[in-house]
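This briefing is for a reader who is new to the structure shown below.

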Amino acid sequence: MSTPTVGIVLVSHSTELAAGAAYLAAQVSGGTVTIIAAGGTDEGDLGTSAAKVADGLRRADQGAGVVVLPDLGSAVLTVKAVLEDHIGKGTVLLADAPFVEGAVAATVTAAAGGDVKAVAAAAEEARHVRKL
Amino acid sequence: MSASYEQGITLAGDLHARPAGALAVAAGRFAAVISVSAGDHTADAKSVLGVMGLGATSGQHLTVKASGTDAREAVAALIAILSEATKVGG
């Protein structure tokens, strides 16, 4: 399809967790959405990296905006700090969602052609879906 | 013109993550309101987590219902996906 889809950035304290969630979301959604894993510090330790997040936002944006999912508290702080410098560089929404479920739900909605608000909403609705 | 359609299918395999994802991606491309039911449980077909939450397994009967202008096409597309995607594990 020629219409760009919303991009996804997964920000985790763990390099492996971000990469694993990105792989899972890509597999479930059919692999048509740009998902960037921004996990770990610049040195690859546990933590988050403003540089990785900023790079992720740039790479994820295919022209339809980006939805960012952080895993734990300070990942949110890192994303917010990056977003303050990102004003005017495209629509980015920060989703308040469970990391794995939100990543899967957001990516599937992006793959179906949902806009940036619909993709963020899908991620946030993941909070209310019971698995048992 | 708005219309409602429904069709049932007996699953040839379990409704794992990837077939559930394929179903939800396809459902999201239609304007129609679409649901998938398994036994007493009904999920929004456009919600991958809802579809996974059905926990539908091989041999179970599912019903796809849709209402809206493209309801007929939506039901046909989702039944086709359920028929194909559950043939292999995922």
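In this predicted model, helix α4(A) passes helix α1(B) in a right-handed crossing.

**Helix α4(A) against helix α1(B)**

- The axes of α4(A) and α1(B), the latter formed by residues 17-28 of chain B, come within 8 Å and cross at roughly 45°.
- An angle from 35 to 65 degrees falls between roughly parallel and roughly perpendicular, and α4(A) and α1(B) are therefore oblique to each other.
- On the chain A side, the residues that meet α1(B) are A:Val108, A:Thr109 and A:Ala111.
- Their counterparts in α1(B) are B:Gly21, B:Ala24, B:Val25 and B:Gly28.
- This contact has 4 nonpolar and 3 polar residues, and no charged ones.

**The contact between chains A and B**

- Across the two chains, 17 residues of chain A are in contact with 13 residues of chain B.
- Helices α1 (15-29) and α4 of chain A each supply at least two residues of the side that touches chain B.
- The largest share of that side, 6 residues, comes from α4(A).
- By class, the side of chain A that touches chain B divides into 8 nonpolar, 6 polar and 3 charged residues.

**Helix α4(A) against helix α5(A)**

- Within chain A, the axes of α4 (residues 99-111) and α5 (residues 116-125) come within 7 Å and cross at roughly 150°.
- That angle makes α4(A) roughly antiparallel to α5(A).
- The crossing of α4(A) and α5(A) is right-handed.
- From α4(A), the residues in this contact are A:Gly102, A:Ala105, A:Ala106, A:Thr109 and A:Ala110.
- They meet A:Ala118, A:Val119, A:Ala122, A:Ala123 and A:Glu125 in α5(A).
- The residues of this contact divide into 7 nonpolar, 2 polar and 1 charged.
- A:Thr109 meets residues of α5(A) and is also listed in the contact of α4(A) with α1(B).

**The build of chain B**

- Chain B has 3 helices and 4 strands.
- From the N terminus on, these elements run β-α-β-β-α-β-α.
- The radius of gyration of chain B is 12 Å, close to the 12 Å that the globule rule gives for 90 residues, so chain B is as compact as a globular protein of that length.
- Along the principal axes, the C-alpha atoms of chain B fill a box of roughly 40 × 20 × 20 Å.
- Of the 90 residues of chain B, 42% count as buried.
- Among contacts in chain B with a separation of 6 or more, 74% are between residues 24 or more positions apart.

Methods: Residues numbered from 1 in each chain as written. Chains lettered and ligands numbered in written order. Predicted model: local features only at pLDDT ≥ 70, side-chain atom pairs only at ≥ 80, totals over all residues. Axes fitted to C-alpha atoms, helices over the stretch in contact; angles between N-to-C directions. Parallel < 35°, antiparallel > 145°, perpendicular 65-115°, else oblique. Left-handed = near helix turned anticlockwise from the far one by under 90°. Contact = placed C-beta atoms within 7 Å. Nonpolar A, V, L, I, M, F, W, Y, C, P; charged D, E, K, R; others polar. Rg over C-alpha atoms; globule rule 2.2 N^0.38 Å. Buried ≥ 20, exposed ≤ 12 C-beta atoms within 10 Å, placed from the backbone.
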